[in-house]
Structures are given as structure tokens and as C-alpha cells.
Amino acid sequence: MRHLMSPLDFTTEELDRLFDLANDMERHMDRYAHVCEGKKLATCFYEPSTRTRLSFEAAMLNLGGQVLGFSDAGSSSASKGESVSDTIRVISCYADICAMRHPKEGAPMVAASRSSIPVINAGDGGHQHPTQTLTDLLTIRSLKGRLSGLTIGLCGDLKFGRTVHSLIHALVRYENIHFLFISPEELRMPSYMTEMLHEKGIDYEEVIRLEDCIGKLDLLYMTRVQRERFFNEEDYIRLKDSFILNNEKMKYAKPDMLVLHPLPRVNEIATEVDEDPRAVYFKQAQLGVYVRMALIMTLLGAERPNGN
Ligand code: CP
């Protein structure tokens with residue numbers, strides 16, 4: 001039995017196979033309509049979510065399986081003090097696979113250690129968000145045709161942003177990646193991340209102004225300044241509009257630069273940018289369904305349909 005706690009749980013070769021499967025699912029959705037018949041996915045979300053929870057549920061329904069779960073801790077017995085360890089032991093009696101989001105770093109790992117079904121980390125605090133990373137990598141590979149030889153700007157909340165931390169861990173395994181970290185001083189990339197890059201000999205620059213570097217980028221990964229990770233409302237209000245991408249800034253970007261965002265967006269990307277063909281964040285959300293279908297199928301060991 002295999003869990004997914006970090007994007008590094010899969011080798012790059014396994015990721016290639018997963019992405020090939022996801023691309024095939026996008027082309028031939030109907031062929032996969034019965035591969036998980038009789039199987040159930042539990043979505044245990046102790047934190048709010050739109051995309052991750054619903055795309056997991058859509059993915060399982062697309063595969064012919066069924067879904068059950070809860071979408072906030074308050075409607076589960078966590079509100080009565082039940083531990084994650086006890087909850088997963090019970091969920092293991094009801095479902096075949098579980099996707100869990102939790103505000104505490106490491107909670108899905110605790111669940112996995114007590115579970116008799118595969119557990120997928122659907123985001124744990126400021127730590128990791130591996131299925132968002134799989135979505136991001138699939139988007140880059142599908143739309144850029146490669147995962148190496150890219151100059152990638154990551155912009156916004158680089159301190160608390162679990163999506164950027166997960167993505168960087170995954171991308172350092174590919175060749176010739178250059179990072180530009182674009183954030184205000186208070187939301188800089190944590191030192192444990194920059195130390196990891198130093199150790200691996202990976203090139204990065206820290207930049208204060210998006211307009212100073214947008215022209216160099218093959219990919220701009222925008223992120224939200226996350227109100228829920230701040231201890232102090234004043235700091236949040238002071239920093240929330242630090243970087244806003246608009247059509248004026250997009251004029252200085254390469255004609256084939258892609259703009260990704262894990263979403264939700266607040267106002268860090270002006271809605272006028274949505275019409276720009278380089279803005280691919282809604283396509284990215286759509287690809288998240290296919291990669292989660294491929295992941296569920298892989299972790300359940302479901303057989304491929306005839307003809308594949
Ligand atoms: N990208 C992402 O994790 O979105 P949700 O919080 O809506 O799941």
C-alpha cells in the first residue's frame with residue numbers, strides 16, 4: 001500500500017507515467033468511466049477548500065467510484081476531540097482511499113501511519129500540497145512541453161505558501177531550472193528552502209519588484225497572500241496588495257510566458273489578465289482533475305481499461 005505525502009514520494013519516471021496517464025484521461029475520459037467501480041474515496045477536509053476537495057470528488061466520480069466525507073472539522077467528531085489517528089482507523093472501515101487536508105503540518109502523515117487504506121495529503125498547514133504540485137507539473141509539462149530548462153518566477157507569499165514549497169522541491173529534480181523569488185521582505189522564502197537550494201547547487205535570485213524581472217521568465221507562478229496564516233491582521237492588510245499582476249506588467253513578459261496560480265485568487269491578478277492567452281490558471285484547475293484521477297487509479301492499483 002502506498003500513500004502520497006510529498007511530491008517526492010514519486011520518482012521522476014513514475015511522475016512521467018502518471019502524467020502520461022492523466023493526458024490520456026483528458027483525451028479519452030469515457031474509457032476510464034468504470035475503472036474504480038465499487039471503490040469509495042473519503043475526503044476528510046479539516047480546512048476550507050474548493051478545488052482540491054471538489055476535484056478529488058469529480059475525479060473519483062469520473063472513474064465510476066463513489067465519494068463520502070466531511071468538508072470542515074466542525075461537522076466531524078474532531079469538534080468533540082477525536083484524534084486524527086482514531087478518525088482514519090474508522091474511515092479505513094468505510095472507504096478504500098482517503099484525501100485529507102489539515103491545518104497542522106504532519107497530520108496526514110500521522111493518519112497514514114495508522115491507516116489501512118492509502119492516504120493522500122491534500123495540504124497540511126504551511127508544509128506541503130503534493131497534489132497541487134502534481135497539477136502544476138502536469139500543467140507545465142502539457143503546455144510548455146518540458147519540465148527542464150525553465151526560468152521560473154514565484155511571486156507573493158513565499159514564506160507561508162505550501163504550494164510554492166512543494167513545487168520547488170519537485171522542480172529541483174529537473175535540469176537547468178532557475179528560480180526568481182519575488183516577494184516583500186516579510187514574506188521571503190524561508191531559510192530552510194534557500195539552504196536546500198544552496199546544498200543542491202540550484203540557482204536562485206530574490207527580487208523585490210515583479211516588473212524588474214517579468215521579462216526574463218518562462219513561467220510566473222503567482223500566489224495569494226494568505227490571511228489565515230497571519231497572526232496579526234495589520235501585517236496582512238499592509239502586505240496583501242504587494243504584488244498585483246495586470247495587463248500593464250504583462251506587456252513586459254515574453255510572448256510565451258505562462259501565468260499559473262494555484263487559486264483561490266484574491267486580487268493579486270487583475271481580472272483583465274484572465275483574457276490573456278498566457279493566463280492558464282483555470283486550465284491548471286481543470287488539469288487537476290485528470291492528475292487526481294491518475295493518482296487515485298495508481299494508488300488503488302486499478303487496472304487500465306482495455307486498449308491502453
Ligand atoms: N489550490 C487549492 O488548494 O485550492 P483550494 O484551497 O480551493 O482547494
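A pocket, on a 1 Å grid over the protein atoms alone, is an open set of points with protein on both sides within 12 Å along at least five of seven lines, and a molecule sits in such a pocket if more than half of its atoms lie within 2 Å of its grid points. In this predicted model, the space taken by the ligand is the largest pocket.

Because domain 1 and domain 2 both give residues to the shell around the ligand, the ligand lies between them.

The residues around the ligand are Ser-49, Thr-50, Arg-51, Thr-52, Arg-101, His-129, Gln-132, Pro-262 and Leu-263; by kind, this shell divides into two nonpolar, five polar and two charged residues.

Several side chains of the shell can be followed to particular atoms of the ligand. A polar side-chain atom of Ser-49 lies 2.6 Å from an oxygen atom of the ligand, while an N or O atom in the side chain of His-129 is 2.8 Å from an oxygen atom of the ligand. For Gln-132, a polar side-chain atom lies 3.0 Å from a nitrogen atom of the ligand. Of the 250 Å² of accessible area that the ligand has on its own, the protein covers 91%.

Conventions. Residues are numbered from 1 along each chain as its sequence is written. This is a predicted model: local features need pLDDT of at least 70, side-chain atom pairs count only at pLDDT 80 or more; totals for chains, interfaces and linings use all residues. Side-chain values use heavy atoms; hydrogens and water are left out. A residue is near a molecule or strand if one of its heavy atoms lies within 4 Å of it. A polar contact is a pair of N or O atoms within 3.5 Å; within protein, one must be able to donate a hydrogen and the other to accept it, and residues adjacent in sequence count only if both atoms are side-chain atoms. Accessible areas come from the Shrake-Rupley method with a 1.4 Å probe; for residues, only the protein chains shown count as cover. On a 1 Å grid over the protein atoms alone, a cavity is a set of points where a 1.4 Å probe fits but cannot get out, and a pocket is an open set with protein on both sides within 12 Å along at least five of seven lines; lining residues have an atom within 4 Å of a point. Ala, Val, Leu, Ile, Met, Phe, Trp, Tyr, Cys and Pro count as nonpolar, Asp, Glu, Lys and Arg as charged, and the others, Gly among them, as polar. Domain bounds come from an automatic or database domain assignment.
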